[in-house]
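I opened this notebook to record what I looked up, entry by entry. The structure comes first, then my notes.

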Amino acid sequence: MMSLLRIPVNAKVFIATAAVCIIGGCGGGGASLGGGVTRNAAVEWNQMALQAIRDTKPGPPIVARALAIVHTSMFDAWASYDSAAVGTRLGASLRRPKLERTTSNKQAAISFAAYRALVDLFPTEKALFDAKMSAFGYDPSDSSTNPATPAGIGNLASAAVLSFRHSDGSNQLGDLHAGAYSDTTGYQPVNTVDTIVDPNRWQPLRFSDGQGGFRVPGFIAPHWGNVTPFAVTNVSGLRPPMPFQAGTPEYLRQAQEIVDLTAGLTDEQKMIAEYWADGPKSELPPGHWCLFAQVISDRDRHTLDDDVKMFFALTNALLDSSICCWESKRFWDYCRPITAIHYLFRGQQIAGWGGPGVGTVMLSGENWKPYQPNTFITPPFPEFTSGHSTFSAASAEVLKRFSGSDSFTYAVDFAPGSSRIEPGVSPHTAVSLHWSTFSEAADMAGMSRRYGGIHFQNGDLSGRAMGRQIGDQVYDKAMTYIHGTAQ
């Protein structure tokens with residue numbers, strides 16, 4: 001039996017550190033980190049992508065697409081040096097002869113592919129990517145398109161993926177509507193910050209900006225359901241049925257459940273909510289599962305080939321999850337718990353979290369708030385379905401199938417007072433979160449949003465069910481490229 005991998009939490013560097021070949025070294029294609037520790041180029045470039053995400057803070061669906069583009073570009077370059085795999089855009093047209101299929105050529109090709117994709121997606125972070133290319137010993141200015149060279153292969157593969165994705169409906173270039181990734185559907189919220197016109201619909205909220213002022217974020221990427229998926233052929237066909245409507249017992253019940261949960265949070269439940277929060281200063285939920293994949297790379301002693309294939313399947317599951325989940329969010333435009341609770345319990349005294357260090361107090365229903373920081377009360381997009389649940393369930397399916405087992409024995413430790421929402425107060429005693437399978441981790445991720453007061457049970461469970469379907473469809477499609485059977 002695998003020993004429990006236990007990581008103490010200090011912000012979100014917990015897995016980034018853990019992923020550097022804890023279990024004794026990675027497979028071929030490694031870059032030296034000093035002290036005899038290496039990790040392969042696929043993981044290195046994944047780290048570059050995650051750092052760019054932390055630095056630039058795009059929304060969750062944009063993060064998922066960026067990760068998929070980077071790793072699809074890498075896969076397509078790598079496929080040129082494999083005997084069976086075919087690229088997603090150029091098929092087998094770049095296939096190199098057997099003598100050229102060396103680890104060094106693969107590493108160079110995927111590095112150029114990753115570099116070109118990252119500079120396109122995160123142009124402000126070019127210096128970061130230039131430094132990584134230099135550390136590998138490559139010239140980032142080498143724009144060769146000669147397929148007889150690894151640089152040429154990488155540049156050609158990435159260019160083909162980028163050309164396709166520039167027209168995928170995401171509006172990355174701002175050519176469909178002014179502003180990169182801006183809405184192309186003309187979405188307008190029914191409710192205002194101060195008025196609940198329709199208690200079934202999403203409401204923008206006023207957030208503290210942390211400097212004494214306020215901001216009102218709009219719905220992030222309402223158009224995302226129109227983005228071209230990797231594998232899912234019928235996005236609306238995966239959309240869950242209508243969520244519970246105001247005036248029904250179910251609508252009241254789901255709101256009461258959140259009130260009761262957040263009024264009685266234990267130390268463990270608070271840490272579950274915080275660990276999985278993945279807010280705007282992190283790598284967000286899609287990146288969280290990429291960090292888990294890095295741990296699996298170390299645990300299973302992956303080669304460069306293994307990791308190129310694993311991240312290719314995983315990140316495209318994240319992409320399709322973002323599309324299907326956001327299509328549902330846009331279609332149903334459903335309220336968050338904070339709106340439903342303010343509507344249902346206005347003028348009534350209910351038990352609720354009183355704020356950092358205050359504990360549970362009695363308060364008027366319209367003043368209820370979730371267990372979240374004031375600078376990010378609730379994610380700025382509709383509730384149904386849960387992104388965390390969809391991303392996590394899809395990722396768990398892919399990692400389970402790729403590794404051949406659901407086993408993921410893992411633990412995260414929180415010292416007393418290490419809370420980010422209640423620093424110095426919570427947890428009162430040390431807390432350990434642990435799970436033995438990918439599925440358990442995904443379920444905890446979904447449940448965390450209910451503890452945090454920002455998703456209903458139905459939004460969580462519907463997201464999990466949809467995510468599992470997406471994970472299976474994407475994995476099957478990814479295998480056709482890996483095995484060379486794709487049409």
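**Entry 1: a loop with a cis bond.** I started with Thr385, which sits in the loop between β7 and α12 (387-403). The model I am reading is predicted. I looked at the peptide bond that joins Phe384 and Thr385 and noted that it is cis, with omega at about 10°.

**Entry 2: another cis bond.** I then went to Pro427, in the loop between β8 (407-414) and β9 (431-437). Ser426 and Pro427 are joined by a cis peptide bond, and here omega is about -10°.

**Entry 3: the hairpin.** I looked up how strand β6 (residues 349-353) and strand β7 (residues 360-364) pair, and found the antiparallel sense over 5 bridges. Across from Thr360 in β7 I found Trp353. The two strands, β6 and β7, form a hairpin, and 6 residues lie between them. In the turn, Gly355 has a positive phi of about 115°.

Entry 4: Lys57 is not a glycine, yet I read a positive phi of about 60° for it. I placed Lys57 in the loop between α2 (41-56) and α3.

I found Tyr181 in the loop between α6 (150-165) and β4 (207-208). The relative accessible area of Tyr181 is 16%, and because buried means under 20%, I wrote Tyr181 down as buried.

**Entry 5: helix α9.** How far apart are the end C-alpha atoms of helix α9? I worked from 1.5 Å a residue: the 16 residues of α9 (residues 284-299) should span 22 Å. The end C-alpha atoms are 23 Å apart, which agrees. I also checked the cover of α9 and found 16 of its 16 residues buried. Just after α9 comes Arg301, with a positive phi of about 55°.

**Entry 6: aromatic pairs.** I noted 31 aromatic pairs in the structure. One of them is Phe75 with Trp78, a tilted pair with 5.6 Å from centre to centre and 40° between the planes. Both residues belong to helix α3 (residues 60-79); they are 3 residues apart, so about one helical turn separates Phe75 from Trp78. Phe75 has 0% relative accessibility and therefore counts as buried. Trp78 is buried too, with a relative accessible area of 1%.

Next I looked up Trp289 and Phe292, an edge-to-face pair with 5.0 Å from centre to centre and 90° between the planes. These residues lie 3 apart in helix α9, so Trp289 and Phe292 are separated by about one helical turn. I found Trp289 and Phe292 buried.

Which residues form one aromatic cluster with Trp289 and Phe292? I listed Tyr275, Trp276, Phe408, Tyr410, Trp435 and Phe438.

**Entry 7: arginine over a ring.** Arg89 lies over the face of Phe164, 3.7 Å from the ring centre. Arg239 lies over the face of Phe331, at 3.5 Å from the ring centre.

Notes:
Residues numbered from 1 in each chain as written. Predicted model: local features only at pLDDT ≥ 70, side-chain atom pairs only at ≥ 80, totals over all residues. Heavy atoms only, no water. Helix = DSSP H or I, 4+ residues; strand = E, 2+ residues; numbered from the N terminus. Expected span 1.5 Å × (residues − 1). Buried < 20%, exposed > 50% of the residue type's maximum accessible area, 1.4 Å probe, protein only. Pairing = 2+ DSSP bridges. Phe/Tyr/Trp six-rings, centres within 6.5 Å; stacked < 30°, edge-to-face > 60°. Lys NZ or Arg CZ within 6 Å of the ring centre and 35° of its normal.
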